[in-house]
Amino acid sequence: MPSAPAGTLYRGREGMWSWVAHRVTGVLIFFFLLVHVLDTALVRVSPEAYNAVIGTYQTPVMGLGELGLVAAIVFHAFNGIRIIVVDFWAKGPKYQRVMLWVVIGLFVVTMAGFAPRHLMNVFGGGH
């Protein structure tokens, strides 16, 4: 089997994983927005159906989904800023790996501040 020419096979380091995570979070956020627009539009069609749908959102499973949504938005936002810096700063590519670790640190700090309070509200401890 012929080997790939030198320099053309991506080895899956941090850059690739941040690329994959950025696309996955972007698609998840898009689908959330699509569902959100559709369920909000229900209020014009049938207020009863809207109330029924909104009622299903007040479950622990959906609360965990909200936590996932916030995590996706936070990562996508911080990583998007990193991508802009890599693209528009001449030294960006040199520091892209360091900036990814900064993104991960900011993500962890942000989620550590959000998740406990949110989970207390979801599971009844925040009332």
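## Aromatic pairs

F31 counts as partly exposed because its relative accessibility is 46%, where buried means under 20% relative accessible area, exposed over 50%, and partly exposed in between (1.4 Å probe, protein chains only). The structure is a predicted model, in which local features need pLDDT of at least 70 and side-chain atom pairs count only at pLDDT 80 or more, while totals for chains, interfaces and linings use all residues. Residues are numbered from 1 along each chain as its sequence is written, and side-chain values use heavy atoms, with hydrogens and water left out.

How many aromatic pairs does a search of the whole structure find? The search finds three; rings of Phe, Tyr and Trp (its six-membered ring) pair if their centres lie within 6.5 Å, with planes under 30 degrees apart counted as stacked, over 60 as edge-to-face and the rest as tilted. One of them joins F30 and F31 edge-to-face, at 5.4 Å centre to centre and with 70° between the planes. Another edge-to-face pair is formed by F75 and F107, at 6.4 Å centre to centre and with 85° between the planes. This pair links distant parts of the chain, since F75 lies in helix α3 (residues 60-88) and F107 in helix α4 (residues 96-122), 32 residues apart. F75 is buried, with 12% relative accessible area, whereas F107 is partly exposed at 23% relative accessibility.

H22 belongs to helix α1 (residues 14-45); helices (H or I, at least four residues) and strands (E, at least two) are DSSP runs, numbered from the N terminus. With a relative accessibility of 13%, H22 counts as buried. Its side chain is joined to that of N79 by a polar contact of 3.1 Å, a polar contact being a pair of N or O atoms within 3.5 Å; within protein, one must be able to donate a hydrogen and the other to accept it, and residues adjacent in sequence count only if both atoms are side-chain atoms.

Leaving aside residues up to four places away in sequence, H22 touches F75, H76, N79, G80 and I83, where contact means heavy atoms within 4.5 Å.

Y57 is located in the loop between α2 (47-56) and α3, and is partly exposed at 26% relative accessible area. Not counting residues up to four places away in sequence, Y57 touches V35, D39 and M62.

R97 is part of helix α4 and is partly exposed, with 36% relative accessibility. R97 and S18 are 79 residues apart in sequence, and their C-alpha atoms are 9.8 Å apart in space. The contacts of R97, again not counting residues up to four places away in sequence, are R13 and E14.

## Overall fold

The protein chain contains four helices and zero strands, giving the pattern α-α-α-α along the sequence. Of its 127 residues, 21% are buried. Among contacts in the protein chain with a separation of 6 or more, 65% are between residues 24 or more positions apart.
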